[in-house]
Amino acid sequence: MKTPTELREALEAMHSFYRRATVAVPLNMPQMKGVFLGGCVCRGVGSSFRAQAHAHNDRKDEFFGWVCFRSIRRLGNIVLVECDDGTTEIQIVKPGKVLIHEWAHLLIPDEGHTDRWRAKMKELGQRIPKNCQKKTR
Ligand SMILES: [Zn+2]
Ligand SMILES: [Zn+2]
């Protein structure tokens, strides 16, 4: 068991890593302006939100084009490159399905889980998560 102090220190170490890390956007995802880790780009590292990730796909949003992840784990297959200035560049070798899901939102701006978004997901070879399928009633 970790003590509350150890847990807090582990969290602080993670946040400090996120603050010094930048994610290199995959070249085949030019619509993605940036990937923010450890919170939402508009509120900074340590801010929280419900889902694993979200895309800022509202064209009126000043952070339009950004994708925010709560943690590094769902990015996909990555490599970490340590830079001389103490920062780390995270390179995405193979985007994970959450990243592709959010990218599809950027490709269909101003919409949520709509038919057009689902069509884009299919085009990208992705399965539609259950809670994003068309509601029938
Ligand atoms: Zn965000
Ligand atoms: Zn979604």
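**Group meeting: a walk through one predicted chain**

Let me start with helix H1, residues 4-20: at 1.5 Å a residue its 17 residues should span 24 Å, and its end C-alpha atoms are 24 Å apart, which agrees. The expected span here is 1.5 Å times one less than the number of residues. Helices (H or I, at least four residues) and strands (E, at least two) are DSSP runs, numbered from the N terminus.

Before going on, the basis. This is a predicted model, where local features need pLDDT of at least 70, side-chain atom pairs count only at pLDDT 80 or more, and totals for chains, interfaces and linings use all residues. Residues are numbered from 1 along each chain as its sequence is written, while chains are lettered from A and ligands numbered from 1 in the order in which they are written.

H1 is hardly covered, with a count of one buried residue among its 17. Buried means that 20 or more other C-beta atoms lie within 10 Å of the residue's own; exposed means 12 or fewer, partly exposed is in between, and C-beta atoms are placed from the backbone.

Now the whole chain. How many helices and strands does the protein chain have? It has three helices and eight strands, and from the N terminus on they run α-β-β-β-β-β-β-β-β-α-α. The C-alpha atoms fill a box of roughly 50 × 35 × 30 Å, taken along the principal axes. Of the 137 residues, 19% are buried.

Next, the sheets. Two strands pair if DSSP finds at least two bridges between them. One open sheet has three strands in the order E1-E8-E7, with mixed pairing. E1 (21-24) and E7 stand at the edges with a single partner strand each, so one side of each has no neighbour in the sheet. E1 and E8 pair in the parallel sense over four bridges, and Val23 has Ile90 in E8 as its bridge partner.

The other open sheet also has three strands, in the order E2-E6-E5, and its pairing is mixed. Here E2 and E5 stand at the edges, each with a single partner strand, so one side of each is left without a neighbour in the sheet. E5 and E6 pair in the antiparallel sense over three bridges; Ala55 has Val67 in E6 as its bridge partner.

Val35 lies in strand E2. Is Val35 buried or exposed? It counts as buried, because it has 24 C-beta neighbours inside 10 Å. Its C-alpha atom is separated by 4.9 Å from that of Val67, 32 residues apart along the chain. Leaving aside neighbours within four places in sequence, Val35 is in contact (C-beta atoms, placed from the backbone, within 7 Å) with Val23, Val25, Val67 and Phe69.

A nonpolar core is a set of buried Ala, Val, Leu, Ile, Met, Phe, Trp, Tyr and Cys residues joined through C-beta atoms within 7 Å. The largest one has 19 residues, of which Val35, Phe36, Leu37, Val67, Cys68 and Phe69 touch the most other members. E2 (34-37), E5, E6 and H2 each supply at least two residues of this core.

Last, helix H2, residues 97-107. Its buried residues include Leu99, Trp103 and Leu106. The buried residues of H2 pack against E5 (53-55), E6 (66-69), E7 (76-82), E8 (88-95) and helix H3 (115-123).

Methods
Two residues are in contact if their C-beta atoms, placed from the backbone, lie within 7 Å.
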